[in-house]
Amino acid sequence: MERLVTIYGGSGFVGRHVVRALARLGWRVRVAVRRPDLAGHLQPLGAVGQITAVQANLRYPASVLRAAEGAEVVINLVGILHESGRQSFAAVHDFGAKQVALAAREVGARLIHASAIGADTQSSSVYAKSKAVGEAAALEAVPEAVIFRPSIVFGPEDDFFNRFAALSRLSPVLPLIGGGETRFQPVFVGDVAAAFAKAVDEVVRPGTVYELGGPEVFTFKQLMELTLAEIGRKRLLVPVPDAIAMLQARILELLPNPLLTTDQVRLLRHDNVVSETAKAEGRTLEGLGIAPTALGAILPGYLWRYRKAGQFTRPEAA
């Protein structure tokens, strides 16, 4: 365990899986987070002393640089789905990404940056636009940086299937924003972590943007139907026009942890799938030698908790 990797945002959903994957490969892992005291859940993922949490805040460059010192590889996994207080898209995805990249350059470390499919400077979504700006900042500071753009990431702690499964317990209706026709290519968090492990082991092309998606493409409506079938609940799926969705989002985004924001409504207007160009150029999971895991192989393992009697019931046969 002589080789060190620093992971910014390593205590989150994707982060803990990346930490586990790298610990298994024998790396020393330094996890840079705002609250190291809340990162104790990472310790059992490696050997004694292998995983260490340190304090760093992307808004403060000195703390970012300090966390990168001595690292051979720097990984930026920090991201937010909605803005709250000082945690804005510009601060986290733009300014923060630039500080991590500059720190990697300063200490001479390789850089691996997490973005998202749909990142586009011309997007109407502030989230997607800030992700694209962050990518540009990373590549400007470290031209050899590797960037991963996953579609919706699923797994036991995800914020997509868990959210709508929980909502179905409270509401007899689930909204289909934009008619539910937007396409997604859900990717398993374990496969995303495997891609980062490949990048750390340099089984990637430097300065390349990879798009990560699962083996199947679903519409938003199909994902809702799949979720309801898995938890054994019948709910009315109602198409919601953009105008009404935006009105609802303006109200919901006032909550501390909003179920929907106006920016997310804008995101849902566009497909979230791996591009044909990425497939042709091998910039995918398959191109990295990773066989994508099917949604149906993982979803039952954690959505059972939303069934009426939990683990003691099974969804009705179709």
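Is F220 buried or exposed? F220 is buried, with a relative accessible area of 2%. The model discussed here is predicted.

## Aromatic pairs

F220 belongs to an edge-to-face aromatic pair with F164, at 5.5 Å centre to centre and 80° between the planes. The label edge-to-face applies because planes over 60 degrees apart fall in that class, and the angle here is 80°.

The structure has a count of 11 aromatic pairs.

In soluble globular proteins, nonpolar side chains tend to be buried together. The largest nonpolar core in this model has 71 residues, and L22, I75 and F148 have the most contacts inside it. Helix α6 (residues 189-200) gives the most to this core, contributing eight residues. Apart from this core lies another one of 20 residues, including A67, A71, V74 and A145.

Which residues does L22 touch, leaving aside those up to four places away in sequence? They are V5, I7, W27, V29, I75, A197 and V200.

## Helix α1 against α6

Two packed helices are described by the angle between their axes and the distance between the axes. The axes of helix α1 (residues 13-24) and α6 come within 8 Å and cross at roughly 50°. At that angle α1 is therefore oblique to α6. The crossing of the two helices is right-handed.

On the α1 side, the residues in contact are F13, V14, H17, V18, A21 and L22; on the α6 side they are V189, V192, A193, F196, A197 and V200.

## Helix α3 and its two neighbours

How do the axes of α3 and helix α4 (residues 126-141) cross, and within what distance do they come? They come within 8 Å and cross at roughly 15°. The two helices are therefore roughly parallel to each other, since angles under 35 degrees count as such. α3 passes α4 in a right-handed crossing. The contact uses F89, H93, D94, A97, K98, A101, L102 and R105 from α3, and V126, Y127, S130, K131, V133, G134, A137, A138 and A141 from α4.

Helix α2 (residues 61-68) also packs on α3: their axes come within 9 Å and cross at roughly 45°. That angle makes α2 oblique to α3, and the crossing is right-handed. From α2 the contact involves P61, V64, L65 and A68; from α3 it involves F95, Q99, V100, A103, E106 and V107.

## Strand β11 and L212

L212 sits in strand β11. Its relative accessibility is 0%, so L212 counts as buried. Not counting residues up to four places away in sequence, L212 touches I117, F148, R149, P150, S151, V187, V192, A195, V274, T284 and L285. L212 and V29 are 183 residues apart in sequence, and their C-alpha atoms are 24 Å apart in space.

## Loop positions

E202 is found in the loop between α6 and β11 (209-212). Most residues other than glycine have a negative phi. E202 is not a glycine, yet has a positive phi of about 65°.

G108 lies in the loop between α3 (89-107) and β5 (110-114). With 63% relative accessibility, G108 counts as exposed. G108 and G214 are 106 residues apart in sequence and 33 Å apart, C-alpha to C-alpha.

K234 is placed in the loop between α7 and β13 (236-240). K234 is exposed, with a relative accessible area of 74%. The C-alpha atoms of K234 and E72 are separated by 51 Å, with the two residues 162 apart along the chain.

Technical notes:
Residues are numbered from 1 along each chain as its sequence is written. This is a predicted model: local features need pLDDT of at least 70, side-chain atom pairs count only at pLDDT 80 or more; totals for chains, interfaces and linings use all residues. Side-chain values use heavy atoms; hydrogens and water are left out. A nonpolar core is a set of buried Ala, Val, Leu, Ile, Met, Phe, Trp, Tyr and Cys residues joined through side-chain atoms within 4.5 Å. Buried means under 20% relative accessible area, exposed over 50%, partly exposed in between (1.4 Å probe, protein chains only). Helices (H or I, at least four residues) and strands (E, at least two) are DSSP runs, numbered from the N terminus. Contact means heavy atoms within 4.5 Å. Rings of Phe, Tyr and Trp (its six-membered ring) pair if their centres lie within 6.5 Å; planes under 30 degrees apart count as stacked, over 60 as edge-to-face and the rest as tilted. Axes are lines fitted to C-alpha atoms, for helices over the stretch in contact, and angles run from 0 to 180 degrees between N-to-C directions. Angles under 35 degrees count as roughly parallel, over 145 as roughly antiparallel, 65 to 115 as roughly perpendicular and the rest as oblique. A crossing is left-handed if the near helix is turned anticlockwise from the far one by less than a right angle, and right-handed if clockwise.
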